[in-house]
Each structure stands twice: as structure tokens, then as C-alpha cells.
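Subject: Structure handover

Hello,

Here is the structure for your files, and my notes on the fold follow below it.

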Amino acid sequence: MSSNAQSASSSTAAAAAPAATQKPWQAKLVLLGEAAVGKSSVVLRFVSDEYTENKEPTIGAAFLTQKCRLDNAIIKFEIWDTAGQERFHSLAPMYYRNAQASAVVYDVTKASSFEKAKSWVKELQRQANPNIVIALVGNKIDLLSESGSGSAADDDDEEEEEEDDATTTGAGGNSNGTPSGGATRAVPKEEAAAYAQEGGLLFFETSAKTGQGVVELFTEIAKKIPIDQIQSQQQRSGNANGNAAGASASAGQGGLRLGQNDARGGAGEGCNC
Ligand SMILES: Nc1nc2c(ncn2[C@@H]2O[C@H](COP(=O)(O)OP(=O)(O)OP(=O)(O)O)[C@@H](O)[C@H]2O)c(=O)[nH]1
Ligand SMILES: [Mg+2]
């Protein structure tokens with residue numbers, strides 16, 4: 001478990017105790033973004049606290065789950081990790097339909113991926129559930145060199161934390177090392193933050209490689225999800241569907257469901273938040 005995950009756990013552990021006995025509320029979350037920005041890697045970090053170099057592109061979509069413990073509730077994220085390749089774009093509505101949350105991911109070293117993220121945000125705002133919680137996520141911050149990290153005032157802090165994380169997690173664990181450095185920031189943090197603020201989006205910068213920001217991302221999304229809405233939705237559908245596993249299975253029809261990454265079996269007590 002990364003230091004991020006540990007610190008998040010410990011910060012919520014005491015307050016979460018009453019929630020331990022509660023029934024988790026299912027929340028559907030969809031990841032969207034250009035190909036190779038790190039969507040699958042961010043989810044893998046959140047669900048299994050793992051990272052793989054040269055992860056293969058997602059085909060269709062992958063489904064994973066992970067619980068997130070808040071002070072007053074447990075949210076069980078049912079995560080649809082979509083494929084970023086353009087040929088899969090038309091499948092996306094099937095995954096964001098009825099989603100309570102979305103993480104729209106871009107690569108901080110690639111300007112085109114930020115433009116693509118903005119177009120996903122527009123599409124969600126037009127076509128998804130009007131109450132959907134959207135988080136804008138700039139990933140791969142471990143790639144930024146000190147000189148190329150842009151002008152964000154708090155970047156220095158991030159880089160220090162990032163080194164700590166790399167040491168404690170051993171994430172990556174190959175000859176590339178962490179932080180990788182050397183890449184130039186193509187999307188200024190202030191610009192992305194301002195865009196997010198204007199659109200009422202959450203905003204995070206993350207590194208799936210080091211784990212930086214990943215637990216915080218999902219925790220803040222969980223906090224923002226209107227639980228009363230999930231409650232009434234699930235109470236209405238509870239008798240009809242039995243549980244959300246049925247809902248997920250039906251959501252998966254027509255897309256590829258890659259079961260090998262489904263962490264439901266291990267997620268019961270392995271809450272990352
Ligand atoms: N340095 C660095 N590399 C990353 C990070 N996240 C992902 N990568 C690498 O970027 C490549 C693409 O990552 P994926 O997680 O497969 O990206 P994706 O967005 O799921 O791609 P698609 O499934 O094709 O849409 C892989 O080689 C990852 O190892 C990160 O935070 N830092
Ligand atoms: Mg993927």
C-alpha cells in the first residue's frame with residue numbers, strides 16, 4: 001500500500017469506525033480520456049496499489065470495484081475504465097449513462113490530451129446524468145523535471161512528496177526509476193485548475209506510477225457524490241435487481257468485460273481510502 005493510501009486510511013480510520021457496519025452504497029464511476037494517458041494505471045493504483053510499465057491499451061472497457069470509506073458512509077465504486085482509442089469512442093455513452101461520477105484524465109506532458117479531456121467534459125455535461133460528479137485529472141506528474149514543471153507555486157512540494165512516495169512504495173520498480181523527470185509540462189496547472197473551477201469540476205494532478213494524488217482523487221469524488229440520491233435510486237431498484245452486480249452485468253453488455261482486473265473478491269477489506 002502506498003504512503004498515500006496509508007495516510008488516507010489513517011486520517012479517516014477513526015471517523016470511519018461507525019461506517020464499518022454500514023452497507024456500502026454503490027456508485028458507478030467512468031474513466032474517460034485520450035489513449036495512453038494512464039486511465040487503467042490510475043485505476044490499478046487505486047484498486048490494487050500496483051503499477052505496470054508499458055501497460056497494454058484497454059479494449060472496449062474494463063470493470064473493477066473498490067470501496068471507499070468516508071466518515072458517514074462506505075461508497076463502493078463500480079468503475080468502468082474505458083478504452084481511449086478513437087475507435088471505441090462510440091461505446092462511451094453506454095458506460096457514462098447513469099454514472100454518478102467520472103474521472104476525465106489527461107497527460108500533463110501532452111497538450112492534445114487536455115483538449116481531448118475538455119471535449120469529454122463537454123460531452124458529459126451535455127449527455128450524462130445532470131448531477132454527475134466530474135473530476136479532471138492530470139496524470140503522469142512524475143515525468144516532470146524540476147525545470148520543466150511549469151510555474152505552479154506548489155509544484156516543488158509535489159515533487160518532494162513524489163520522491164517520498166517512490167521510496168516507500170517502490171512503485172515502478174524498474175530501470176526508469178522515479179521520479180523520471182525530463183519531460184516538459186505541456187498543460188499548466190493553473191490553466192487546468194481554472195478550467196475545472198469554471199466548470200464546477202474537481203481537479204487533481206496524479207501519478208499512477210508513484211501513487212501521488214490517486215487515493216485523494218477517489219476520496220474527494222466519493223465525498224462529493226450525493227449519497228441521498230444513490231440511496232433512493234438503489235432502494236427503488238433494490239427489489240428489482242437484487243444488487244448492483246446485476247446492474248453492472250447489464251451495463252457491460254455490448255462492451256468487453258475484462259474480468260481479470262475485477263478486484264471485487266479482494267476489495268472487501270482492502271479499502272484504499
Ligand atoms: N511515467 C508514468 N507513466 C504512466 C503513468 N500512468 C500510466 N503510465 C504509462 O502510460 C502508458 C499508458 O497507460 P495506460 O494506463 O494503459 O493508459 P490508458 O489511458 O488506460 O490507455 P487506453 O487504455 O489505451 O485508453 C503505459 O505505458 C503506462 O505504464 C504515470 O503516472 N506515470
Ligand atoms: Mg486503459
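Six strands form an open sheet with mixed pairing, in the order β2-β3-β1-β4-β5-β6. Strands here are DSSP runs of E of at least two residues, helices are runs of H or I of at least four, and both are numbered from the N terminus; two strands pair if DSSP finds at least two bridges between them. At the edges are β2 (61-69) and β6 (202-205), each of which pairs on one side only. From one strand to the next the twist averages 25 degrees.

This is a predicted model, in which local features need pLDDT of at least 70 and side-chain atom pairs count only at pLDDT 80 or more, while totals for chains, interfaces and linings use all residues. Residues are numbered from 1 along each chain as its sequence is written, and chains are lettered from A and ligands numbered from 1 in the order in which they are written.

Strand β4

β1 (residues 25-33) and β4 (residues 101-107) pair in the parallel sense over five bridges. Leu 32 stands opposite Val 104 in β4, and the bridge partner of Gly 33 is Val 105. β4 also pairs with β5 in the parallel sense, over seven bridges, and there Ala 103 stands opposite Ala 135.

Seven of the seven residues of β4 are buried, so the strand is largely enclosed by the rest of the structure. Buried means that 20 or more other C-beta atoms lie within 10 Å of the residue's own, exposed means 12 or fewer, and partly exposed is in between, with C-beta atoms placed from the backbone. Ala 101, Ala 103, Val 105 and Asp 107 point one way from β4, and Ser 102, Val 104 and Tyr 106 point the other way.

Contact between two residues requires C-beta atoms, placed from the backbone, within 7 Å. Axes are lines fitted to C-alpha atoms, for helices over the stretch in contact, and angles run from 0 to 180 degrees between N-to-C directions.

Helix α2 (residues 39-48) packs with helix α7 (residues 214-224) at an angle of about 85 degrees, the axes being 9 Å apart. That makes α2 roughly perpendicular to α7 (65 to 115 degrees; under 35 is roughly parallel, over 145 roughly antiparallel, the rest oblique). Val 42, Arg 45 and Phe 46 in α2 meet Val 214, Val 215 and Phe 218 in α7. The residues of this contact divide into five nonpolar, no polar and one charged (nonpolar: Ala, Val, Leu, Ile, Met, Phe, Trp, Tyr, Cys and Pro; charged: Asp, Glu, Lys and Arg; polar: the others, Gly among them).

Whole chain and one loop

The protein chain has ten helices and six strands, and buried residues make up 45% of its 273 residues. Of the contacts with a separation of 6 or more, 79% are between residues 24 or more positions apart.

Leu 91 lies in the loop between β3 (74-82) and α3 (92-96). Leu 91 counts as partly exposed, because it has 16 C-beta neighbours inside 10 Å.

Regards
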